[in-house]
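Please open the structure in your viewer and keep the selection tool at hand.

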Amino acid sequence: MAADEQVTLLDTWASSIGMRVRIALAEKGVKYEFIEQDLWSKSGLLLQMNPVHKKIPVLVHNGKPVCESLVIVQYIDEVWKDKAPLLPSDPYQRAQSRFWADFVDKKIYEHGRTIMTTKVEDQEATAKKDFIDTLKLMEGELGDKPYFGGETLGYVDVALLPYCCWFYTYEKILNFSLEADCPKLNAYCKRCLQKESVSKSLEDPKKIYDFALKLRKKLGVE
Amino acid sequence: MAKSDVKLIGAWASPFVMRPRIALNIKSVEYEFLEEILGSKSQLLLESNPVHKKIPVLIHGGKPICESLVIVEYIDEVWSPGPAILPSDPHDRALARFWAAYLDEKWFPAMRNIVTAKDEEARKALMDQVGEGLVLLEGAFSKCSKGKGFFGGDQIGYLDIAFGSFLGWLRALEKMNGVKLMDETKTPGLLKWADSFSSHPAVKDVFPETEKLVEFAKVLAKFKATLPK
């Protein structure tokens, strides 16, 4: 990275989508400043950099903001293109990667939000089954590959890996076991956590669970 | 490439299907259009998109690609050289993708829900939301177009396609509700852009007529009423 490049990440420590950006920056070896945001009292900087959604994560590169986690990850891949490519070079494979990252957003991210903001007794009868079925679909897509990206970490891995530290929380709320119900995905998470770019970007699952409980109490669902 | 190598499964009234059709037209790619019938899903659709079972699906050399904007990026990457659909600068690309995500996740759902709004108050709230979104998009247009006629500059690009594909339904909604959501005072740039977009050679043959969409909306409402709750 050139000496005059300024990279700042507006984020919150527990955010699964913020972690996507952290993994991508770590894979590319990009040095950046992490500015923790208080989402209950939003900073002037956040409101200025993301006036449309007022949400994190926001990447600020040489003063210009980029918003939406997967848009940011693609931006990082395109700007720092000489190291650790996240999207494959073949257009069909790229389309498959984009499809599955979008699937993670539509199914896992959205399910996760619903699980987090719903009382245990109000969770849909099918919530647990639907969530596990979604994870099994991801297992099917992973197949025998070490990563969704093949031999190396790719775009879909970056989209999904943050959930490795959030699964413990979902297990507790929905009362299931990742190891029992999705052993392949469980093994995948353990394997990926051995990579420094992943382990230093994710948080301790127990700390996430404490955070989740406090948030659920604040939202009146715990 | 032979026409039979490129197939698109879709339906004439779907804004999402319109997106890859415009992209293929920009690249002058011939394709076979396989129209799905409302109320039933073809075996080919179910096999090509087992995850979502939705249109559009592009089938290129026998391989399926799903999700309208994923298909548009694929078309841009495969058929190059050819007029570029995504901008070349990474920050401009990020901006185009950001606004496309806004349209799909926030703006269009509000517009779509106007039809099924439970009462007048809910309908008005949604229309206000759509109107406020258009003011935001007017700002985006100023920024992205850099004084030219399209979001993509001199030529139509990714964001023109992502947003323009909703114009037919926007006009139909304005007609059905007797309102003007895009107007000269609040969104003058977008009003002019909408005309240029809908009459563009790559767009005009796949742009649905307002009257036809108004009629189709009635058919759609009747069909939805027959579905189990």
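**A guided tour of two chains**

Begin by selecting B:Lys224, which is partly exposed at a relative accessible area of 46% (buried means under 20%, exposed over 50%, partly exposed in between, with a 1.4 Å probe and protein chains only). The model is predicted: local features need pLDDT of at least 70, side-chain atom pairs count only at pLDDT 80 or more, and totals for chains, interfaces and linings use all residues. Residues are numbered from 1 along each chain as its sequence is written, chains are lettered from A and ligands numbered from 1 in the order in which they are written, and side-chain values use heavy atoms, without hydrogens and water.

Next, display helix α9 of chain B, residues 210-225, which contains B:Lys224 (helices, H or I, of at least four residues and strands, E, of at least two are DSSP runs numbered from the N terminus).

Now select residues 89-216 of chain B, listed by UniProt in an unreviewed entry as "domain: GST C-terminal". This span is 69% helix and 0% strand, and its end C-alpha atoms lie 40 Å apart.

Turn to chain A and select residues 90-221, which carry the UniProt annotation "domain: GST C-terminal", also from an unreviewed entry. Such annotations may be inferred rather than shown by experiment. Here the chain is 67% helix and 0% strand, with 46 Å between the end C-alpha atoms.

Finally, select A:Asp210 in helix α11 of chain A, residues 205-219. Is A:Asp210 buried, partly exposed or exposed? A:Asp210 counts as partly exposed, because its relative accessibility is 44%.
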